[in-house]
Amino acid sequence: MREVAVAGVGMTPFGVYPERRLEDLIHDAGSQALADAGIWERRREVEALYVGNFSAEGFNGQNHLAPIAARALGLGGIPATRTEGACASSGIAFREAALLVAGGVYEMVLVVGVEKMNALETPGITRVLGEAAHAEEEAAVGATFPSLFAMIARRHMHQYGTTREMLSAVAVKNHRHGLRNPRAHMRKEITLEKAMAAAPICEPLNLYDCSLISDGAAAALVTTLDRARGLAAMPIRVLGAGQASDAPCLHHKPDITVSRATRWAAERAFAQAGLGPGDVSFAEVHDCFTIAEILATEDLGLVEKGKGGPAVLEGATSLGGRIPVNVSGGLKSKGHPVGATGVAQIVEAVTQLRGDAGDRQIEGARVGLTHNLGGSGATCTVHLFGRA
Amino acid sequence: MAATTDGGIVIAGMRCGGCGLQSAPPQPVCPHCGGDREIGPVSLPPRGTLYSFTIVHVAPAGLEDEAPYVLGIVELEGGARITARVRTADPGALAIAAPLQLSEIRAGVCFFDPA
């Protein structure tokens, strides 16, 4: 297998953009990534386009998005493929691109993740997101995504003593981090008291346990390490790319406080990289809900099982702590345009490893991990990145 | 999911002879071990305990009028779990492991009452 690198990254600010078309968001992120690598004028060298998107049909009435993305970037003609894996849609797209470059199929692949959610009102958005659960066995019963993660949270509290304060501490930390990210959706510090007292969404989860409903796009240019060394930006190596699936319904998991897909995807990525959790300098994990960050840090092996909550309270996962998690602000503060999230995490990892993260820079960052979860954990991708 | 025997409601499920676990609904392979041999239909008992639950305040389009409602994962006697609704006048009194009794299956959705 050939060594693979990210040669360019780009991202729209995440936010609420009802007036911007999907292709405008795609164009902004994709053209930034190509310009970052210094090949916007030579973009016909890109041989394939992968687009991660969860539900343009549900949010925007638009299927068949990949050729629209190719047109938006002046790449018409090349193979253009959309991947869908709920909120892990673009983590999957990136992994496909990395594997195709590693295997010698292509020299250069552009990956774009995109979602425009704010085209519907909240009940409609909740319904479309609910389509990532099982239609008959969960959604028809009245399950929503907050409700599924609320049941995980209640069980985690029951089994490990995780508290309301620990959940809210995740939100407070990620908002504090997001304040330092100019592209974050909600750059606003929140207090623990306010986070704990917010309106209930699905008990025990409240408004501040939930990530944001955002619009945006993110892009990464994937090529061989050799090729990337001749391009404009500092190349960042892809050290490992793991993916796994798990039961599509929570009721078929032996223990809903464990994300097996996270464990399996991480094992595969670590094995490829020849690394372990102790080698990771920082992680961008899928905090679609506060409890999801706690589960992720545990199942990735960054903290002991059951200790994800205390680790947040102790500051271990804060910028400056032992293992900084979601320094970008995470899905909670940076925002969560679901199909864009997987690549946006990679944009942050590349930015940190290049040393370009400004006042949220993690000193001495050498290995970055990104963790992108789909549904209630039925799909997961884990990627590892390092300086070349 | 509905079936009726001896005047009571039961839940249509399956048992996998390979791993020995019960589940619902019936399907061609076991959702636990992936095996497809020794799969057989079983009637699951209309009783169980609450494995986890939530009180849904923000409902999806189409269910707004029903909120707040209790959604739970119910572990039936014998071990199969299903996602179901729990009807109670006092959701604050619910707790993990609370005993439940199936009261109704409507449009494929199981509704339980505290036992």
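These legends accompany several close-up views of a predicted model. Local features need pLDDT of at least 70 and side-chain atom pairs count only at pLDDT 80 or more, while totals for chains, interfaces and linings use all residues. Residues are numbered from 1 along each chain as its sequence is written, chains are lettered from A, and side-chain values use heavy atoms, with hydrogens and water left out.

View 1. A disulfide, here a pair of cysteine sulfur atoms within 2.5 Å, is not found in any chain, and the count is zero. For Cys87(A), the nearest cysteine sulfur belongs to Cys288(A) and is 6.4 Å away. The sulfur of Cys380(A) is 11 Å from its closest cysteine sulfur, again that of Cys288(A), and this is too far for a bond. Cys380(A) has 0% relative accessibility and counts as buried, a word that means under 20% relative accessible area, with a 1.4 Å probe and protein chains only.

View 2. His383(A) is buried, with a relative accessible area of 1%. Leaving aside neighbours within four places in sequence, the residues in contact with His383(A) include Phe94(A), Arg95(A) and Ile346(A), contact meaning heavy atoms within 4.5 Å.

Terms used
Buried means under 20% relative accessible area, exposed over 50%, partly exposed in between (1.4 Å probe, protein chains only).
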